[in-house]
Amino acid sequence: MKEKTVEINSLNQKSQKLASYHFYAPKGRINDPNGVIFYKDNYHIFYQYNPYENHWNNISIGVATSKDLLKFDDFKVALAPTKEVDGIFSGSIIEKDDNLHLIYTKHIERNNFRKESISEAFSNDGIGFKSDFKDLVDEDTLPLFDSENFRDPFIYKEKNTYYLFIASRDKEENLGKVFVLRSKTLDNFKYYFEIGPLEVFGEMVECPAIGKIGDYYVLVYSKIKKDESGKDIHTTGYLLLDMDLENGYYAILKCGVMDASKDFYAPQLFKTKSGELALISWFDSWDYKPFEQEHNLESCGLFTYPRILEIENGAIIQKPYKEIQKHVETQFKYLGGFIKTTSLIKLVAFDEFKIDFINDKNEKVLELLYYKDRLHLRSGDLIDTSIFEYKEEVVLLIMLDNSSCEIFVNHGKETMSKRVYFNSDKLKLDITKQEHIDSLIVAELKI
């Protein structure tokens, strides 16, 4: 008898390596980073995760480990939903007494009822987590509390006090605000003060994270705001703060944009093992369907390459984590032909130019245009434009990976990040007005 074969027609049948040095999960869908911490000789990276499918569902928190934030392994589900809890949503991580404590959003949504609250899980190895799902926050102390919009806790310790920065919304003003709560013991957090409501937080702020550079605090956040048609638009910014946490005081020194692209959301701050303040972000957007789903790929979603944050002239600048430099294999002046998609491009120009990135199937997959003092980055119908104008020389560091492009402009004054389906492992550069480019150096990576 001839054996009957079964054809499987479902998602996740096509596998493709999304990145060589950006973080992604081998299978399933990731979005918000939920903390990075150097713990027991490894970085542990946490992320909002559907481990089974390439779309939003079964929302858990995943964990992976890394020695260098370029190569990752030991992918596990750190904490998953239960019959009583519908979703384990975004949060952050902290170490206490040699254990890791994961502070997360407990999401319940059923029978026209929705509630978000804050809970804790702990681990003594940084991989397996346990939780009793009890609430950490004394909600009765919160003014104008909106239980449907109360999420993304970021845990921060200063001196002997723990602070929670929690995304919320002011129901009266219809603006986002950040609750700041405090506790001496990492439980029973009570209201302390709030940042906002602020216009820059949109109609709902998400994923606040706090860190310190010298004497100044940096608060990064994402926001939701409706456009004229009523569609939700998602963007990401930062506040540079003069803040006294001990006395509940803050003053805003600077409001800025974290990235000029739509493909940058839910940033998470952390300290590198050498003590630098760093950032990693979800490298995608809620505003359109991911190409991984368009092409039925097994894995969906990346994180940006880690960035070191500094303050220069009263504003945040971002620089790539230096570890990537160890993996440069060859470096040369570009004179034509194909380069690897895993490459760094260093470019200096003094006037208008255009670069079309063409794959080996002769498809134009990305366009970079410098026109009227602004940079424009286009993939398909999606176009991003730099926030700043560049009146004189423009210096670019372009980081290419299997399915992404990150551009650092004028030594990190601005960044532009784009997800792009290269559909190839090599590209050639078709340059218009090459005479306006002083230098174009390619450094191919082996990683």
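Leaving aside residues up to four places away in sequence, Ile 195 touches Phe 165, Lys 177, Val 178, Val 180, Phe 201, Leu 219, Leu 239, Leu 241 and Tyr 250, a contact being heavy atoms within 4.5 Å. The model is a predicted one, with local features needing pLDDT of at least 70 and side-chain atom pairs counting only at pLDDT 80 or more, while totals for chains, interfaces and linings use all residues. Residues are numbered from 1 along each chain as its sequence is written, and side-chain values use heavy atoms, with hydrogens and water left out.

Ile 195 also turns up, with Phe 165, Phe 201 and Ile 210, among the residues touching the most other members of the largest nonpolar core, which has 68 residues. Such a core is a set of buried Ala, Val, Leu, Ile, Met, Phe, Trp, Tyr and Cys residues joined through side-chain atoms within 4.5 Å; buried means under 20% relative accessible area (1.4 Å probe, protein chains only). A second, separate core holds 32 residues, including Phe 353, Val 365, Leu 396 and Leu 400.

Six of its six residues are buried, so β30 is largely enclosed by the rest of the structure. Ser 404, Glu 406 and Phe 408 point one way, with Cys 405, Ile 407 and Val 409 pointing the other.

β30 runs antiparallel to β29 (residues 394-401), joined by six bridges (pairing takes at least two DSSP bridges). A hairpin of two residues links β29 to β30, and Asp 401 sits opposite Ser 404. On to β31 (residues 414-419): β30 pairs with β31 over six bridges, again antiparallel, and Phe 408 has Thr 415 as its bridge partner. The hairpin of β30 and β31 has four residues between the strands, and there Asn 410 takes a positive phi near 45°.

Terms used
Buried means under 20% relative accessible area, exposed over 50%, partly exposed in between (1.4 Å probe, protein chains only).
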